[in-house]
Amino acid sequence: MNSSSTAKTLLFWISIVFLGILLWKLVSANKSPTEVVSYSDFLQMIDNKEVLSSKIYLQANSANVYALLRGSQKYVQTTIATSDLPEITARLKDAGAKIEISEVKSGDWTLILLNAAPLILLVGFCLFLMRQMKGNAKRALVLQAATARTGIGYDLHRLEYGRPLIVGGIELPFDKGPVGHSDGDVLAHALCDALLGAAGLGDIGTHFPDTDPKWNGANSMLFLEHTKKLLDEKQFAIEHVDAVVITEKPKLGPHFPKMREALAKALGVSIDHIHLKAKTNEGVDAIGRGEAIAAHVVATLTSR
Ligand code: MG
């Protein structure tokens, strides 16, 4: 959870607590109403021994007196001058009433908070709205800043008997395979070119020259993994890949799930970013005669 959502959660629960206290005080107030009485009436109540107990809250020049009346849950309250305090306490003692004196009225903080609760709720709601608006504005800026770029890739390899046929990182059961410096994976190679082209980073030959012996027989998934690193360094995200592989045989469709999985894994994306299609060449030219396999790929990137 980030700091923004933590603050929102905290604010939410503080608001709930305040509302709870507010409701409780309203309910409590209805059950035990406090009646404000005059000083003289209060003295009369003391002398009549109606007061069971009292709480006196001292202030700068005055004191608030709350008294619980005998035989009921009713409270009365009056305000006296500090100079009257000795007389009041003496009368209360004579009347057998319990006396409790506090410098500051306990519970004042509750009243202060309750009075401030609507303001706090309003401020909290405004802050929440401001954060939402700020977040929306930021998201809009990000969307505006994201630029989509598209690249195209193509590759073709001759097919010869006795070589493994690897397409999209998967070895397929077939009697022919591509002739190439690496594993001859046309789909992976066209995909590399599409990605590099979209990012303006050259082509597969730039980064993995077929004159370099270290790529002899290399697994083309390594090319894709390296391409993904180059895209990350340039802050590009892969949005979508659409590919068509052209070969007369074998049928590729049944192998697409595994190919998508392998390609997505190499590129660090989910498989729904990879879309594959298969075509034959209707017996026309080298592909149609089963002498070659080719792939076309279109890749879409966004800059972050
Ligand atoms: Mg190639």
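**Exercise 1. State the secondary structure content of the protein chain and describe its overall dimensions.**

Solution. The protein chain holds 9 helices and 12 strands. The model is a predicted one. For 304 residues, a compact globule would have a radius of gyration near 19 Å, whereas the protein chain has 41 Å. The C-alpha trace spans about 120 × 35 × 30 Å along its principal axes. As for burial, 25% of the 304 residues count as buried. Taking contacts between residues at least 6 apart in sequence, 69% join residues at least 24 apart.

**Exercise 2. Give the strand order of the open sheet of 5 strands, and find its edge strands.**

Solution. Step one is the order: S1-S4-S3-S2-S5, with mixed pairing. Step two is the edges: strand S1 (34-36) and strand S5 (98-102) each pair on one side only. From one strand to the next, the twist averages 25°.

Strand S2 (residues 51-58) and S5 run parallel and are joined by 5 bridges. Ile56 has Ile101 in S5 as its bridge partner.

**Exercise 3. Identify the pairing of strand S6 with S12 and with S9.**

Solution. Start with S12. Strand S6 (residues 148-161) and strand S12 (residues 292-303) run antiparallel and are joined by 11 bridges. Gly151 stands opposite Ala299 in S12. Next, take strand S9 (residues 176-178), which pairs with S6 in the antiparallel sense over 3 bridges. Here Tyr161 has Lys176 in S9 as its bridge partner.

**Exercise 4. Classify the packing of helix H7 against helix H8 and describe the residues of the contact.**

Solution. First, the geometry: helix H7 (residues 220-233) and helix H8 (residues 256-267) pack at an angle of about 40°, and their axes are 8 Å apart. H7 is therefore oblique to H8. The cut-off needed here is that angles under 35 degrees count as roughly parallel.

Second, the residues: H7 contributes Met221, Leu224, Glu225 and Lys228, and H8 contributes Ala262, Leu263, Ala266 and Leu267.

Definitions and conventions
Residues are numbered from 1 along each chain as its sequence is written. This is a predicted model: local features need pLDDT of at least 70, side-chain atom pairs count only at pLDDT 80 or more; totals for chains, interfaces and linings use all residues. Axes are lines fitted to C-alpha atoms, for helices over the stretch in contact, and angles run from 0 to 180 degrees between N-to-C directions. Helices (H or I, at least four residues) and strands (E, at least two) are DSSP runs, numbered from the N terminus. Angles under 35 degrees count as roughly parallel, over 145 as roughly antiparallel, 65 to 115 as roughly perpendicular and the rest as oblique. Two residues are in contact if their C-beta atoms, placed from the backbone, lie within 7 Å. Ala, Val, Leu, Ile, Met, Phe, Trp, Tyr, Cys and Pro count as nonpolar, Asp, Glu, Lys and Arg as charged, and the others, Gly among them, as polar. Two strands pair if DSSP finds at least two bridges between them. The radius of gyration is taken over C-alpha atoms; the globule rule is 2.2 Å times the number of residues to the power 0.38. A residue is buried if 20 or more other C-beta atoms lie within 10 Å of its own, exposed if 12 or fewer, and partly exposed in between; C-beta atoms are placed from the backbone.
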